[in-house]
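Work through the exercises below with the structure open beside you. Try each task before you read its solution.

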Amino acid sequence: MANLFRSCSLLLSVSLIIILCVPSRVNCTEFEVGGHDGWIVPKSRDNDQMYNQWASQNRFKVDDTLRFKYSKDSVLVVSEEEYESCRSTKPLFFSNNGDTVFKFEHPGVYYFISGVSGHCDRGQKMIVKVLAVHNPKPEPPHSHSPAVAPAFTPASTPAPSPSHHSNAGRPIPLLSITNLPLFLIVLLPMLFA
């Protein structure tokens, strides 16, 4: 009976370690722009900010995607100046396939407009702010020399890189060098019991 218990404990421990060592996917979200109506021209002047209102109610992060569903239209990612003028001769991204998926690959501000003449002027445009994921940086070791304040450099907004992958995510291991000793402390007594 003791051998059966030891074998089951060992099998359970090894299974747990294997499960925790297998990379998992980061949860990313796909947002459907405009809900069931999709990417359309607002029906009235009162709704000319409907896409910006929608965007402001959501929180976007790197690797999230936007899905634009539309008919006889297009989606362009443009500069701020082109967004304001509702005109672009060289968009950063263009699609007119009726079901466009755009992946956020960098934090920053993205400007979307319709490429059909007059649609942007009537409110078919949107600004999306994508948040950067901040990892806390370890503090530098204290030295005996006086501290020097780091120079300030303003963050620039990198140009968005389009992607048509809707299954976004990066594998990250659940078992890392920081929690490996804990698993060994728990596992070793079971192995030698």
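Residues are numbered from 1 along each chain as its sequence is written, and side-chain values use heavy atoms, without hydrogens and water.

**Exercise 1.** Find where pLDDT stays under 50.

Solution. 
- Start with the term: pLDDT is the predictor's confidence in each residue, from 0 to 100.
- Now go local: pLDDT stays under 50 over residues 143–178.
- The model has 57 contacts (heavy atoms within 4.5 Å) for residues 143–178, beyond four places in sequence.
- Take care: where pLDDT is low, predicted coordinates should not be read in detail.

**Exercise 2.** Work out how strand β4 pairs with β2 and with β7.

Solution. 
- Know the terms: strands are DSSP runs (E, at least two residues), numbered from the N terminus. Two strands pair if DSSP finds at least two bridges between them.
- Locate β4 at residues 65–69.
- Turn to β7, residues 99–103. Five bridges join β4 to β7, and the two run antiparallel.
- Check partners: K69 bridges to D99, and F68 bridges to T100.
- Turn to β2, residues 30–32: three bridges pair β2 with β4, in the parallel sense. Here F31 partners L66.
- Finish with burial (buried means under 20% relative accessible area, 1.4 Å probe, protein chains only; exposed is over 50%, partly exposed in between). In β4, four of five residues are buried. In β7, four of five are buried.

Terms used. This is a predicted model: local features need pLDDT of at least 70, side-chain atom pairs count only at pLDDT 80 or more; totals for chains, interfaces and linings use all residues.
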